[in-house]
Amino acid sequence: MRICRSLRDAFAIAIGLCCLSALAIQPARAQKSPRDMPVYKVDPFWPKPLPHKWILEAIPVMVTDKDDHIWVISRPGDVKPDENGAATTPPRTDCCIAAPAVIEFDTEGNVLQGWGGPGYTPGWPKPQEHAILVDREGNVWLSSGGRGNSIQKFTGDGKFLWDFGHRAPPLASGERAKENNQQTDILQGGVFEFTLDEDVQEIYLVEQKRVLVYGYDGSFKRGWGGKGKALADISNDPTPPYDWKSGSPPDQEEFAPALHCVHIAPDGLVYVCERGSDRVQVFTKQGKFVSSFFVHPSTPARGPECGGQFGMCGSIYNLTFSHDADGKYVLIADGTNDKIWIQDRKNGALAGSIGDNGRMAGYFHWIDAIAIDSKGNLYTGEVDTGKRIQKFILTNPDGKSRPRPHD
C-alpha cells in the first residue's frame, strides 16, 4: 500500500510539473500563433540553492555575458526583518542573510560569486541599485535612477575602475528640482537604464523625457526626445495624466516617463521602453524616428491611480530580442500584467505571451528583469515581494549560438 501511495504521489508531481510547463506558454488569444514564434517551458529547478544562507531580494535588472553567465542585481536594502534572521547577533533564525547586490550565476543555476551593496564604493547607488551590464572584457557596469546617481564601472570581481560623473548636486533645503531636458552636463534623474555600443564606445541612457548618448570618456555626443524631437524642443512641464478607462494612451510625440529601458537590436535600431505610454519607440542610432507600437494599451500607464494601493502602472518594463538571427520578435517584460508579451518588433503585432500573475513556477509577481543567453533561453527577475529569478528554456531552437550580452 505504501509503495502504491508513493507511486501515486510521484505521478501527481510529474503531472503538476508538466502542467506548470504548459501554463508558462500562452498563445495570443485573438489569433493563431506564428510558426516561427519562440516557445518556452519553465525550468522549475533553476537556480540552485544559494550558498552562505543568502536570500534574493528585489531583482530589477539582469543580463547575460559573453560566457552565458547570468548577472543579477539583488537589492540588499529591500530585505525584511523576517527574511534576515540569520544576520542578527546572535542569529534569531536559522536563515537568511540578504545576498550581495551583484550575483553571478552559470547556466546551471550555480552561484559563482557575489559582491557589492550599500556603501561598497563612494557613489554607490542610493537608496537602491537598479541597472547592470557586462561588457566584452567582463567589466561590470552599474547604475541607478534618482538625483545624485550615475554609472560606475568595476572589474568582474568587483574592483572599482571608473565613475561616469554627471551627478546632480544635492538640492538646498526646501528646493524642488525642475525638469530640464536641455541640460546634458548633469543628470537630474540619475541613470535609471543604459546600454553600450561597444564598437564605437558609446553609452546610451534614458533620463527624463529623452535619450542621451555619451562617449566612454563622459563627453556628450547627441540626444533626442520622443518621435525624434530635438532636445531644444522638449517640454519641461510634467506629462499630463489621461483617462485610461476611456481608451489607450494618446499617441503623443513627446516621451511620457518613466522611460524604462534602452536596447540596440541586432540590426542596429534603438528600442526605448516608454512605460508611461505603454509604448515602444524605435530610432536609428542618430535619433531618427523609425516607428512605434503599443503594448497592451488598455493597461493604465500613468496618473493618480498608479502606485500605492492601486499597484503598478505601465505595460513595458524591459525587453529583449528573440534568438533568431534577425531578432524578429521583442519579448517584453510587463510587470503590471505579469506577462512576457511576444510581439513582432517591426510592426508590433502580438504573437503570444508567457506566464501570468501568480507565485508558481512559470508565473510572475511584478516581473521587471528579462535577459536571454546565446542559446535563446530566457531569464527573468521580479521586484516587490516577488524577489526571485526564473529560467525558461527555448524548446524550438535552431541550434545556433548568438551571444547578446547587453540584453
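## Disulfides in the model

A disulfide is counted here where two cysteine sulfur atoms lie within 2.5 Å of each other. The structure is a predicted model, and a search through the whole of it finds 3 disulfides. When the bonded cysteines of the chain are numbered in sequence order, they pair as 1-2, 3-4 and 5-6.

## Cysteine 95 and cysteine 96

Cysteine 95 is joined to cysteine 96 by a disulfide with an S to S distance of 1.9 Å, and this link is right-handed, with 95° about the S-S bond. Cysteine 95 has a relative accessibility of 33% and therefore counts as partly exposed, whereas cysteine 96 is buried, because its relative accessible area is 13% and the cut-off for buried is under 20%.

## Cysteine 261 and cysteine 273

The sulfur atoms of cysteine 261 and cysteine 273 are 1.9 Å apart and form a disulfide, which is right-handed, with 60° about the S-S bond. This pair links distant parts of the chain, since cysteine 261 belongs to strand β17 (residues 259-264) and cysteine 273 to strand β18 (residues 270-274), 12 residues apart. Both cysteine 261 and cysteine 273 are buried.

## Cysteine 306 and cysteine 313

A disulfide is also formed by cysteine 306 and cysteine 313, whose sulfur atoms are 2.1 Å apart, and here the link is left-handed, with -95° about the S-S bond. Cysteine 306, at 27% relative accessibility, counts as partly exposed, while cysteine 313 is buried, with a relative accessible area of 6%.

How values were computed:
Residues are numbered from 1 along each chain as its sequence is written. This is a predicted model: local features need pLDDT of at least 70, side-chain atom pairs count only at pLDDT 80 or more; totals for chains, interfaces and linings use all residues. Side-chain values use heavy atoms; hydrogens and water are left out. Buried means under 20% relative accessible area, exposed over 50%, partly exposed in between (1.4 Å probe, protein chains only). Helices (H or I, at least four residues) and strands (E, at least two) are DSSP runs, numbered from the N terminus.
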